[in-house]
Amino acid sequence: MNSKTLQYILKRLLLAILTVWVVITVTFFVTRAIPGGPFMSEKAISAEAQAALEAKYGLDKPVFEQYTTYLKDIVTAFDFGPSIKNRGRDVIEIIVDGMETSIPLGLTAAFSALITGIVLGAVAALRRNKIIDKVIMVITTAFVSMPSFVMGVLLLMLFAVTLGWVPANGAADGGLILPIITLALYPMAYITRLTRSSMLDVLGQDYIRTARAKGVSKWKIIFGHALKNSLIPVITYFGPMLAYIVTGSLVVERIFAVPGIGRAFVSSINDRDYPMIMGTTIVLAILIVVMNLVSDILYKVVDPRINLE
């Protein structure tokens, strides 16, 4: 690793820290600015009981004092505090439990989408304007245009309710099949279109024509030059997409009752569970900035001509 690359990584790490700090700050003050509170839904709660609960979780202190205390706990111990609604449990414990489901689910969906998308995109580019190209483009356009919650409901109604092939509950054995398919369809379609357009552009470059004129084999041109150099847009998209899917699609996990981090995040919003909202938001922000950095470094691996500055 040369000095320029090291300087670039250090600069990006500093920007990542700044980004996470901005996310923490904005999320903290926005959640506190919304009218209401985490104890408004408690049945027949007295003013004294509410005051006691607020004192227990430090919500009776000035907002800026709460903010500095929270920031200190994160920096010194990576402690998100206790959950307000899940009494007796820390936020980090709930996040870890959710990740045990969300990570395998997200990784399977993401890499299934990546492999399938690259293959279909390459086939469509190599068979441009042929029947298979048009079929792939029609199918991927439909998947890109359809929101994940619509696709999830359709798959649930067809395969779980009507046909009964798979369980509707994501917590049951085999219940993650439909969530994986639902999560993978949109990125697969998008990666297919990215790969096709990028590969068509690469196939029209002068160095590809030169390789053909020199008699380089067709498969070496495709896999050694065209496909490899067409992956940069895919890498750009795949990094943040992987971070988003791994942390769990909020809607998809809700539809299929998957006990992942996305479902916990939705519940925390409904319950005004401030520590849980903050914890899941921070984890998502960290994953996104890390995956963006990894994507930028992978550019250099895929194409050594790229300079990281």
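1. Which helix gives the most to the lining of the second largest pocket? That helix is H1, with 7 residues; helices here are DSSP runs (H or I, at least four residues), numbered from the N terminus. This is a predicted model, in which local features need pLDDT of at least 70 and side-chain atom pairs count only at pLDDT 80 or more, while totals for chains, interfaces and linings use all residues. Residues are numbered from 1 along each chain as its sequence is written, and side-chain values use heavy atoms, with hydrogens and water left out.

2. The second largest pocket has a volume of about 320 Å³. Among its 16 lining residues, Ala16, Ile17, Val20, Trp21 and Ile286 are the closest to its centre, and the lining divides into 15 nonpolar, no polar and 1 charged. A pocket is an open set of points on a 1 Å grid over the protein atoms alone, where a 1.4 Å probe fits, with protein on both sides within 12 Å along at least five of seven lines, and lining residues have an atom within 4 Å of a point.

3. The largest pocket, with a volume of about 380 Å³, is lined by 19 residues, of which Tyr57, Gly58, Thr69, Tyr70 and Asp73 lie nearest its centre. H1, H3 (63-77) and H13 (274-302) each supply at least two residues of this lining, and H3 gives the most, with 4 residues. The lining of the largest pocket divides into 10 nonpolar, 4 polar and 5 charged residues.

Technical notes: Points joined across faces, edges and corners; volume = space filled by probe spheres on them. Nonpolar A, V, L, I, M, F, W, Y, C, P; charged D, E, K, R; others polar.
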